[in-house]
Amino acid sequence: MEARATRERGPTGERRLALLYLAPSLIIFAIFVFYPLGRTFYLSTMGTDIIGRANKFVGLDNFTAMFGDPGFFKALGTTALFVLFTVVPAIAGALVVVLLLESRISGQRMFRTVFALPFAFSVATASVIFALIYNPAVGMANGALSYLGVDRIGWLTEPDLALISISITTVWMTLGYNVLVLSAGVGAIPAEVVEAARLDGATGWRLHSRITIPMLSPQLFFLVVISTIHALQSFGQIHILTKGGPDGATSTLVYWIYEKAFSYGSSDFGTASAAAIVLLVIVLVCTGIQFGVLERKVHYR
């Protein structure tokens, strides 16, 4: 009996117990990650009928059709601009806010709460709020311009401004999360390190540039990676505010995939799946480059 109990507690028994604990997660991943991913690869090589059912193998024809569509490359360019307009300002703005909050100003807790508040809003809620702000007739944005004597403008209807307007919305939505992450990073900096720097005469920007920002590099690196992935996958605010318009000015790659697959009864799941694979490759490449280049400059204490 003792030998049998020992065998059950051995590597085989531990392996079974580990699989038992992992089973719920593996089932969820299989249903919501692995199966959809495999289905996407399958549909990218299949032709579809008028209602989107896969009916014949076409090989790489969907990829050929995708690369032959000028709208695809326009969506790629729009996506690159959207990432640039959202990731950099959201992280830089959060860093400025956190550094100002750490300057021992009065009402720090209130300001920290105010700047972190956008994190509590969902994408749909924030988009509806900014739809009202950008409203050409009664919106606050044009109201402020009228007060300054500037003519009203179409924030969401002018092609040159629509993407910037959506980018501002996205920056506002992500600023709160970035502030929370960076504030936690600042709070983890050892007080003796800061005091030693102050004793050496480091104050103001010199203290931040030599001590605070380098020690925040793990949090900054994390935000760059996560924010880039989120920006590449953004959909809700674009769909609610502009639906990819005007004239495709805000149609990112994700929205282009949506239009191919679902919008206007298209049901072109083959081309949409091929574009989804390209998006996956872009995400993996961007993440790999960030880990290969930026992580070398991260200071892990």
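This is a predicted model: local features need pLDDT of at least 70, side-chain atom pairs count only at pLDDT 80 or more; totals for chains, interfaces and linings use all residues.
**Helices α13 and α14**

Two packed helices are described by the angle between their axes and the distance between the axes. For helix α13 (residues 253-261) and helix α14 (residues 269-293), the axes come within 8 Å and cross at roughly 165 degrees. Angles over 145 degrees count as roughly antiparallel, and α13 and α14 are therefore roughly antiparallel to each other. Their crossing is left-handed. The residues that make the contact are listed below by helix.

| Helix | Residues in the contact |
|---|---|
| α13 | L253, V254, W256, I257, K260, A261 |
| α14 | F269, T271, A272, A275, A276, L279, I282 |

**Burial within α13**

The buried residues of α13 are L253, V254, Y255, W256, I257 and A261. Their packing partners include α14, and also α3 (61-67), α4 (70-101), α11 (217-232) and α12 (236-241).

Helix α6 (residues 123-133) contains S127. Is this residue, S127, buried or exposed? S127 has a relative accessible area of 0%; because the cut-off for burial is under 20%, S127 is classed as buried. With residues up to four places away in sequence left out of the count, S127 touches G236, Q237, I240 and L241. Helix α12, which spans 236-241, is one of the helices against which the buried residues of α13 pack.

How values were computed
Residues are numbered from 1 along each chain as its sequence is written. Side-chain values use heavy atoms; hydrogens and water are left out. Axes are lines fitted to C-alpha atoms, for helices over the stretch in contact, and angles run from 0 to 180 degrees between N-to-C directions. Helices (H or I, at least four residues) and strands (E, at least two) are DSSP runs, numbered from the N terminus. Angles under 35 degrees count as roughly parallel, over 145 as roughly antiparallel, 65 to 115 as roughly perpendicular and the rest as oblique. A crossing is left-handed if the near helix is turned anticlockwise from the far one by less than a right angle, and right-handed if clockwise. Contact means heavy atoms within 4.5 Å. Buried means under 20% relative accessible area, exposed over 50%, partly exposed in between (1.4 Å probe, protein chains only).
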